[in-house]
Amino acid sequence: MNRKLLFTPLLLSFGISIAQKNEDAAKFANMVTGKGLKEKLTIVASAEMEGRETATPGQKKAAAYIEAHFKKLGLKPASGDSYQQYYPVYQDELVSKKFSVNGQPFDWDKDFAFSLQATPSGSFSYNDIVFAGYGIIDSASKTNDYSTLNVTGKIVVVLDGLPEGFKTTGTARFGPGAAVVKSANAKAKGAAGLLVVSKDFPRKMATATKGNMYLKRNDGAAFVSASISEKVASALLGRTSTLTSDKIKEINKGTYYSEIKLNVNKLTAELQSSNVAGLLEGTDKKDEYVVLTSHYDHLGKRDTVIYYGADDDGSGTVSVMQMAEAFVAAKKKGNGPRRSILFMTVSGEEKGLWGSQYYSENPLLPLAKTTVNLNTDMVGRVGSAYKGDTSNYVYVIGEDKLSSDLMGITNSINKDAKMELDRRYNDVTDPNRFYYRSDHYNFAKAGVPIIFYFDGVHADYHRPTDTVEKINFALMEKRVRLIFNTAWVMANREEMLKRDIPLNIPPR
């Protein structure tokens, strides 16, 4: 008997099964409509939500709306009996501050200003200060302002900015002041604090005494961080008259003896934010997971001006909500996913990917059993740099970083969708650093294969004018259907995605 002939019915049966699965996916993908996306986005990006800034009433209103939607669909709460995974956020408020040099008191905003988050509460006295020029350590330019200095336990004084003509890819990426690098250099050398000499005194605008929010308390050793005027710097360096920064830079680097007294009294408020997560249970592979994410926070209000964040990332938020509807409908019709799907909108993205960082450190589902994270962040507009078919494209980022399966699956699905898949931003060395700038990054860092879907930066990015009426819902519908079909395949394929490419992602 001919084995080939015997096997033919099996092949035909398998082919029919695959074709049926594709038809099922397309049928339920069609439930993702521009109309449905617009209905939800009109609420998420409304004035009532006040820009959805993390740990504000507006963000909490948005979380409640998303939670109600997940509950209505019948998704299971993913965080115990709650749809919200809460995490703490901190904010400092300066109650009082004093600063003196050799007994001479100086005034806040006239001669000094503390970094609220970096500087701890308490009273501090120092007798030794070290002048370290510009405070640069840079291998590319072979510059090391600390090479002959011992700064352990001492206050370091450095000039703001960079020397004239100084160029390096290392320091320059942090901006002209390179403050992040300078602080890190001083800490690495064991300094007790860093005072940066600034020309911006007296301050034209009052320095806020309520600081920015932050995710984690600084429980390490106390490190004083402040900006000081040229007058304060001159006193620290033993000068009786005020020197300009141009004259200060000519002073020899080394140790100077001055008595510094600091008194800082601040209160730290513990606020709260949350990720909103609903779980659709799978069938025979329900202990493996597909995670669909977006971030629902934005920039909030500045005075009375609302930053609506319709595209960034109201568009991704309602995409996740709409895909949840479609997958729930499929399950009710007997086409439920084999793997469980977590639909999660996170907060804190605009602050520094806080919500996804918290999730990656406190996962609701095992990351080792998470086959993929599909992250949707800005899919409702046309990016200003895009020059192709603006009615039919999406940027895809990250497919080739951890799994050799991903790009082939995307390309296969796109045979039907026929979208222009633009991978120009896929390289981690891209100067825009988009790979590092949304929540997929924290999944990738934990070893989970990811795809990031993105429309590109446009003129309304991070502006109050990012509003619903500027969304291209026809284009958004196409993009979200592509993501839905990709999730469908990931949730139903026989094997989890391979993790066969070494994790080689530089830190943010």
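This is a predicted model: local features need pLDDT of at least 70, side-chain atom pairs count only at pLDDT 80 or more; totals for chains, interfaces and linings use all residues.
Local features need pLDDT of at least 70 and side-chain atom pairs count only at pLDDT 80 or more, whereas totals for chains, interfaces and linings use all residues. Residues are numbered from 1 along each chain as its sequence is written, and side-chain values use heavy atoms, with hydrogens and water left out.

**View 1. The protein chain as the setting.** The C-alpha atoms fill a box of roughly 100 × 50 × 45 Å along the principal axes. Of the 508 residues of the protein chain, 54% count as buried, that is, under 20% relative accessible area with a 1.4 Å probe, protein chains only.

View 2. Asp313 belongs to helix H8, which covers residues 310–332, a helix being a DSSP run of H or I with at least four residues. Asp313 is buried but forms no salt bridge, a term that requires a side-chain nitrogen of Lys or Arg within 4 Å of a carboxyl oxygen of Asp or Glu.

**View 3. Backbone nitrogens facing the Asp313 side chain.** A polar atom of the Asp313 side chain lies 3.1 Å from the backbone nitrogen of His295, and the backbone nitrogen of Met378 lies 2.9 Å from a polar atom of that side chain.

**View 4. Residues touching Asp313.** Leaving aside residues up to four places away in sequence, Asp313 touches Arg52, Ser294, His295, Asp297, Thr376, Asp377 and Met378, where contact means heavy atoms within 4.5 Å.

Notes: Helices (H or I, at least four residues) and strands (E, at least two) are DSSP runs, numbered from the N terminus. Buried means under 20% relative accessible area, exposed over 50%, partly exposed in between (1.4 Å probe, protein chains only). Lys and Arg count as positive and Asp and Glu as negative; His and the chain ends are not counted. A polar contact is a pair of N or O atoms within 3.5 Å; within protein, one must be able to donate a hydrogen and the other to accept it, and residues adjacent in sequence count only if both atoms are side-chain atoms.
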